[in-house]
Amino acid sequence: MKIYISADMEGVAGIVHPDQRQIGNPEYTWARRLMAEEVNAAVRGALKAGAEEILVNDSHGNMRNLIPEHLHPEAQLITGNVKPWAMMEGIDGSFAAAFFIGYHARRGAKRGVLEHTYSERRIYELRLNGVPAGEIAINAALAGHYGVPVVLVSGDEEAVREAKAFLGQVVGVKVKGGISRLSARSLHPEKAQGLINEEESHA
Ligand SMILES: [Zn+2]
């Protein structure tokens, strides 16, 4: 069984501000570490569930947030940009399922922590078949094109709500609840990672 993981950053527990995802900012150093730990929790869960091959695609910003040696040794990493399928680079019909880790709500979602759709500056609203869609919907649609179901989405409450509204049957792991775009009540990273690991192994 092969598992595909698309990893974003804004939906990781504890992250609430653009500074924290900004290279060069001291807070970025721990934020990228937390991102890697949530991905690793998902990798361990996938292995427990019987995955033999796991591909992780770094999907945030310049797509070089995950430091290769911080990643679980059983996972392969797609790092860097530009990539034709961007947040879904590497997806194809050989995967049994996809996980979205550290995901956030679409641009305009109320109380969506750091909500946006691909580009914060350039995209105000994007619709799929007339319905406002964010990265979860667009990326899941691409996975669906290859017949790969998205079985788990982790992120803030709004991201999980959006995933359930669009995908129906999907396991949602809420790691924080937005108070505003730039504030949230968050689980401790270890709790968040534990939940991701646990849910992943049954997803
Ligand atoms: Zn994103």
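Which residue in β8 is the bridge partner of V153? I looked this up in the model, which is a predicted one, and found that the partner of V153 is G172. I then checked the two strands as a whole, and noted that β7 and β8 pair in the parallel sense, over 5 bridges.

**Entry: the sheet**

**Entry: helix α3**

I listed the buried residues of α3 (residues 157-167), and these are E157, E158, A159, V160, E162, A163 and F166. I kept in mind that an α-helix has 3.6 residues a turn, so residues three or four places apart point the same way. I then asked what covers the buried residues of α3, and the cover includes β4 (97-103), α2 (135-145), β7 (150-156) and β8 (171-180).

**Entry: R21**

Is R21 buried or exposed? I located R21 in the loop between β1 (2-7) and α1 (26-48), and counted it as buried because 21 other C-beta atoms lie within 10 Å, where the cut-off for a buried residue is 20 or more. Leaving aside its neighbours within four places in sequence, I found R21 in contact with M9, E10, I15, Y28, A31, H60 and G61. I also checked R21 against E74, and the two are 53 residues apart in sequence and 26 Å apart in space, C-alpha to C-alpha.

**Entry: the whole chain**

I finished with the protein chain overall, which has 4 helices and 9 strands and reads β-α-β-β-β-β-β-α-β-α-β-β-α along the sequence. Its radius of gyration is 15 Å, close to the 17 Å that the globule rule gives for 203 residues, so I recorded the chain as being as compact as a globular protein of that length. I noted that 50% of the 203 residues count as buried, and that residues 24 or more positions apart account for 63% of the contacts with a separation of 6 or more.

Key
Residues are numbered from 1 along each chain as its sequence is written. This is a predicted model: local features need pLDDT of at least 70, side-chain atom pairs count only at pLDDT 80 or more; totals for chains, interfaces and linings use all residues. The radius of gyration is taken over C-alpha atoms; the globule rule is 2.2 Å times the number of residues to the power 0.38. A residue is buried if 20 or more other C-beta atoms lie within 10 Å of its own, exposed if 12 or fewer, and partly exposed in between; C-beta atoms are placed from the backbone. Two residues are in contact if their C-beta atoms, placed from the backbone, lie within 7 Å. Two strands pair if DSSP finds at least two bridges between them.
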